[in-house]
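Open your viewer, load the model and keep the selection panel at hand. We will go from whole domains to single residues, one selection at a time.

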Amino acid sequence: MENVEVFDSPGKGRGLRAAKDLWAGDVVFSEPSFAAVVFDNMAEHVCHSCFRRQQKLQRCGQCRFAQYCDRTCQRAGWNEHKQECGAIKTFGKVPNENVRLAARILWRIEKEGEVVSDTQLTTLEDLEDHVADMPADDLKDLKVDIHNFLDYWPHNSKQHKVDYISHIFGVINCNGFMVSDQRGLQAVGVGLFPNLCLVNHNCWPNCTVILNHGNQSAVNTMFHSQRRIELRALGKIAPGEEVTVAYVDFLNVSSERQRLLKQQYFFDCTCQHCTEHIKDDIMMGGKEVDGNKPSKELVKEITEFSLQTLQKIDKARIDAQYHEVVKLCRACLEKQEPVLADTHLYKLRILSTLSETLSYLQFFEEAAGHARKMVEGYMKLYQPNNAQLGMATMRAGVTHWHAGLIEVGHSMICKAYAILLITHGATHPITKDLEAMRMQTEMELRMFQQNEYVYYSMREAALKNQPMTMMAEPVEENIKGLFRKK
Ligand SMILES: [Zn+2]
Ligand SMILES: [Zn+2]
Ligand SMILES: [Zn+2]
């Protein structure tokens with residue numbers, strides 16, 4: 001832990017500050033999970049040891065619950081599954097993810113104590129649990145979890161006071177970090193990373209956190225190595241400066257961000273962007289044409305219409321009515337276009353949904369135009385090295401590439417690559433994918449510049465031979481909130 005030290009952050013309790021100069025892309029620290037579990041609804045789809053999504057998994061013959069890629073993963077995961085395996089058998093059913101995680105944490109403490117490495121900067125005991133701040137409904141859920149935990153927890157494991165168990169559940173509730181699959185595209189589980197819990201929030205942070213599964217061989221040799229987070233600097237940080245991450249996506253107006261933060265993490269954000277309402281106006285504003293702006297009433301009317309349409313779109317999406325989604329988006333965009341600013345959040349949401357859905361339906365050309373507008377809006381709102389901006393730019397680049405718009409496609413893929421080098425690092429699977437795409441599009445671009453005709457006929461042949469499989473089915477939300485949302 002040479003890069004950071006614990007300090008008392010004014011008004012925020014404990015925090016971490018830089019102990020030396022840090023630069024964009026530096027790994028401030030990297031940390032394995034103290035404990036982690038797969039989500040209840042993902043238990044059949046990911047390996048319980050390495051958290052990779054797999055088509056075929058092998059079940060643990062004892063509990064019939066845990067599943068693994070192969071014997072190697074099973075062996076690597078045995079240490080943390082052993083007691084769980086016995087407890088599930090005795091309990092006769094599988095408790096929910098909260099209970100499973102609390103139990104894994106307590107088994108680890110029983111074996112190794114509260115501090116498991118010399119780089120761990122806090123005990124679990126000292127972490128905030130905010131149980132006293134919980135609303136009545138959440139407290140009710142907490143009581144049910146504790147009740148189930150007590151039934152599940154074996155008699156021959158170390159017994160704990162209810163207060164302490166409740167503290168662990170509280171810590172999980174406000175500090176549980178979402179663990180994504182190997183490509184970082186989907187949240188598949190939740191884990192606890194003690195040092196990360198010490199990093200405070202800022203809506204305009206100087207760091208980002210990313211999960212890196214490492215490479216397959218590392219998984220086989222090192223216990224727990226598969227679930228590491230990296231805290232990465234987004235720009236220069238001077239010694240003594242607090243390191244921060246954003247717990248919620250910046251693409252919300254300040255009052256909404258503050259509401260989300262209060263609701264889930266129990267604090268009032270007093271960051272500069274919130275107190276000065278920076279960019280709120282352009283996130284909800286009207287479009288300026290030659291110095292003229294539409295009336296406030298009209299902006300309000302179209303904003304409300306957009307919100308209603310977005311709800312209809314969500315419903316159509318859940319029902320997989322993708323052509324209906326496209327129809328709704330196009331109609332909404334037509335109304336938004338003359339009135340709302342290009343940075344209006346609801347316009348960006350429509351553009352995002354429309355481009356993703358059109359890509360999925362393989363209408364790449366129309367998708368590309370919308371994706372480009374979306375990225376241009378994002379660039380005016382996000383800080384330059386934001387991971388969401390990088391991912392959106394990557395998707396837009398791929399869409400352009402698929403549409404045969406190789407020049408813009410290549411340039412976007414290069415931009416995305418530059419961002420992801422900082423936010424994800426060169427060894428992350430997504431960055432590696434991007435690097436391959438960057439080289440491929442560079443080659444195609446050269447071919448295009450030499451002979452357009454040859455380029456297009458080659459493309460056509462390639463398209464006929466292999467269906468495009470790059471675009472996944474449109475999903476509701478990518479991982480935007482850092483920590484787990486209830
Ligand atoms: Zn595995
Ligand atoms: Zn088992
Ligand atoms: Zn804020």
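**Before you start**

This is a predicted model, in which local features need pLDDT of at least 70, side-chain atom pairs count only at pLDDT 80 or more, and totals for chains, interfaces and linings use all residues. Residues are numbered from 1 along each chain as its sequence is written, while chains are lettered from A and ligands numbered from 1 in the order in which they are written.

**Stop 1: the two domains**

Colour residues 4–261 as domain 1 and 272–465 as domain 2; such bounds come from an automatic or database domain assignment. Their centres, taken over C-alpha atoms, are 32 Å apart. Which parts of domain 1 touch domain 2? Strand S10 (207–212), strand S11 (228–233) and helix H7 (254–265) each supply at least two residues to that side. Helices (H or I, at least four residues) and strands (E, at least two) are DSSP runs, numbered from the N terminus. Across the boundary, 21 residues of domain 1 are in contact with 23 residues of domain 2, a contact being two residues whose C-beta atoms, placed from the backbone, lie within 7 Å.

**Stop 2: a residue on strand S11**

Now select glutamate 230, which lies in strand S11. Is glutamate 230 buried or exposed? It is buried, because 22 other C-beta atoms lie within 10 Å. The classes are buried for 20 or more other C-beta atoms within 10 Å of a residue's own, exposed for 12 or fewer, and partly exposed in between, with C-beta atoms placed from the backbone. Show Val27, Ser30, Ile210, Asn212 and Gly425 too: glutamate 230 is in contact with them, leaving aside neighbours within four places in sequence. For a distance label, pick the C-alpha atoms of glutamate 230 and asparagine 212, which are 18 residues apart along the chain and separated by 7.0 Å.

**Stop 3: the nonpolar core**

The largest nonpolar core has 115 residues, and Ala102, Ala103, Ile105, Leu231 and Val243 have the most contacts inside it. This core draws at least three residues from each of domain 1 and domain 2. By definition, a nonpolar core is a set of buried Ala, Val, Leu, Ile, Met, Phe, Trp, Tyr and Cys residues joined through C-beta atoms within 7 Å. Zoom in on alanine 102 and you will find it touching Phe149, Ile165, Ile168, Phe169 and Ile172, not counting residues up to four places away in sequence.

**Stop 4**

Select helix H2, residues 97–112. How far apart are its end C-alpha atoms? They are 22 Å apart, which agrees with the 22 Å that 16 residues should span at 1.5 Å a residue; the expected span is 1.5 Å times one less than the number of residues. Of the 16 residues in H2, 13 are buried. Just after H2, glycine 113 has a positive phi of about 90 degrees.

H12 is mostly covered, with 14 of its 16 residues buried. Step on to glutamine 362, in the loop between H12 and helix H13 (364–381). Its phi is near 70 degrees, a positive value in a residue other than glycine. Glutamine 362 is partly exposed, with 13 other C-beta atoms within 10 Å.

**Stop 5: a helix pair**

Two packed helices are described by the angle between their axes and the distance between the axes. Select helix H10 (residues 296–318) and helix H11 (residues 322–336): their axes come within 9 Å and cross at roughly 170 degrees. That makes H10 roughly antiparallel to H11. The contact includes Ile302, Phe305 and Ile313 of H10 and Val325, Leu328 and Cys332 of H11. Axes here are lines fitted to C-alpha atoms, for helices over the stretch in contact, and angles run from 0 to 180 degrees between N-to-C directions. Angles under 35 degrees count as roughly parallel, over 145 as roughly antiparallel, 65 to 115 as roughly perpendicular and the rest as oblique.

**Stop 6: two loop residues**

Aspartate 290 sits in the loop between helix H9 (280–284) and H10. Its phi is positive, near 50 degrees, and aspartate 290 counts as exposed, with 4 C-beta neighbours inside 10 Å.

Finish at lysine 158, in the loop between helix H3 (136–152) and helix H4 (162–175). Lysine 158 is exposed, with 11 other C-beta atoms within 10 Å. Its C-alpha atom is 54 Å from that of glycine 397, 239 residues away along the chain.
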